[in-house]
Amino acid sequence: MIDVQDLRKSFVQGSGRRKQTVLAVDGVNWRAEDGRITGLLGPNGAGKTTTLRMVAGLIEPDGGTVVVDGIDVASQPRAALARMGVLSDARGLYPRLTARENVVYYGRLHGMSGADANRRCIELAGLLDMQGLLDRRTDGFSQGERMKTALARALVHNPPNIVLDEPTNGLDVLATRALRDTLRRLRDETGKCIVFSSHIMQEVERLCDHVVVVAHGRTVASGTVPGLLAQTGQTDFEEAFVSLAFGAGAASSHGVANSTDNRMGTHAASALKEQA
Ligand SMILES: Nc1ncnc2c1ncn2[C@@H]1O[C@H](COP(=O)(O)OP(=O)(O)OP(=O)(O)O)[C@@H](O)[C@H]1O
């Protein structure tokens, strides 16, 4: 289980008179339960990646807490990370190593024996349908092949919690479906706690048991898809999302997707305006 309370993060860019502060995450709260797929849904710049980077201990929050299976990430990062498999936005594979070597190397870093890491790598290759890739060097891999390898690497130590930042970015329809099936199997067969971020509502609607809507760096709503539809009085999830993320007046209004604020992320845009 992953529990995020009042998480905050600002970034300072430039210096002197050109210094700007971007408030990326401004009090995000959510809980991802075991045996459930939790989706972090938000427009561009809403703060999803920054939140997940703090969850994974990759950047330090300015405030708030992340607790993984009762372990505080800030005070016990190693113990917390051992219980998490993280697929970040940068897939970061070693290009000179084969897929198998990439996966086994990570297993060794997590303290597994070579034999155990190899066994687990073969098991994951079956689950992710990537047996044919195992002994190829990863340079030249397609997006989908990279994603599978990175996912196998994130899962090698069999963590109870899985954190995926926009895992379907760059994947075609078949690879996306395969990933969806894999996540469902991991949930149903092993009861894992799965969190993933996306700005694609159809993906979240199809897959998630619980949805956290993030906008302006804050949690603006959370619940099941039917619950969020009921809360907004909408029958279409895209309309529900737009009204939750941009305000009731924005639902059904064309031009939302083209507004300058939306391209930047509404929150970052207003933060920058405040600085000006
Ligand atoms: N290292 C950084 N330095 C400065 N600003 C940053 C940095 N990282 C993120 N930001 C800003 O913080 C805000 C939130 O970014 P973040 O990447 O978390 O959003 P996101 O919800 O993941 O967006 P997207 O769906 O577009 O990937 C954005 O305005 C972004 O420009």
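The structure is a predicted model, in which local features need pLDDT of at least 70 and side-chain atom pairs count only at pLDDT 80 or more, while totals for chains, interfaces and linings use all residues. Residues are numbered from 1 along each chain as its sequence is written. The chain has eleven helices and ten strands, where helices (H or I, at least four residues) and strands (E, at least two) are DSSP runs numbered from the N terminus.

**Overall make-up**

- Of the 276 residues in the chain, 40% are buried; a residue is called buried if 20 or more other C-beta atoms lie within 10 Å of its own, exposed if 12 or fewer, and partly exposed in between, with C-beta atoms placed from the backbone.
- Among contacts between residues at least 6 apart in sequence, 68% join residues at least 24 apart; two residues are in contact if their C-beta atoms, placed from the backbone, lie within 7 Å.

**The six-stranded sheet**

- Six strands make up an open sheet with mixed pairing, in the order β6-β7-β8-β3-β9-β10, and two strands are said to pair if DSSP finds at least two bridges between them.
- At the edges of this sheet stand β6 (84–87) and β10 (218–223), each with a single partner strand, so one side of each has no neighbour in the sheet.
- On average, neighbouring strands of this sheet are turned by 15° against each other, direction ignored; the axes are lines fitted to C-alpha atoms, for helices over the stretch in contact, and angles in general run from 0 to 180 degrees between N-to-C directions.
- Strand β9 (residues 210–215) runs antiparallel to β10 and is joined to β10 by five bridges, and V211 has G223 in β10 as its bridge partner.
- H216 lies in the loop between β9 and β10, and H216 counts as buried because 23 C-beta neighbours lie inside 10 Å.
- Although H216 and N44 are 172 residues apart along the chain, their C-alpha atoms are separated by 9.9 Å.

**The four-stranded sheet**

- A second open sheet has four strands in the order β2-β1-β4-β5, and its pairing is antiparallel.
- Its edge strands are β2 (20–32) and β5 (71–72), each of which pairs on one side only.
- Ten bridges hold strand β1 (residues 2–13) and β2 in an antiparallel pair, and in β2 the bridge partner of L7 is V28.

- Helix α1 (residues 48–55) is largely enclosed by the rest of the structure, because seven of its eight residues are buried, namely K48, T50, T51, L52, R53, M54 and V55.
- α1 lies across β3 (36–41), β7 (161–165), β8 (193–198) and β9, running at about 145° to β7, and α1 also lies across β1, β2 and β4 (63–68), running at about 115° to β1.
- After α1 comes G57, whose phi is positive, near 75°, and after α3 comes G111, whose phi is positive, near 90°.
- In helix α3 (residues 99–109), the residues A99, R100, N102, V103, V104, Y106 and G107 are buried, and what covers the buried residues of α3 includes α4 (114–127) and α5 (143–155).
- E239 is found in helix α9 (residues 237–246), and E239 is partly exposed because 17 other C-beta atoms lie within 10 Å.
- From C-alpha to C-alpha, E239 and L229 are 8.8 Å apart in space, while they are ten residues apart in sequence.

- Not counting residues up to four places away in sequence, F241 touches L41, M201 and V213.
- Where the domains meet, nine residues of domain 1 are in contact with ten residues of domain 2, and helix α6 (residues 173–190) gives the largest share of the domain 1 side, three residues.
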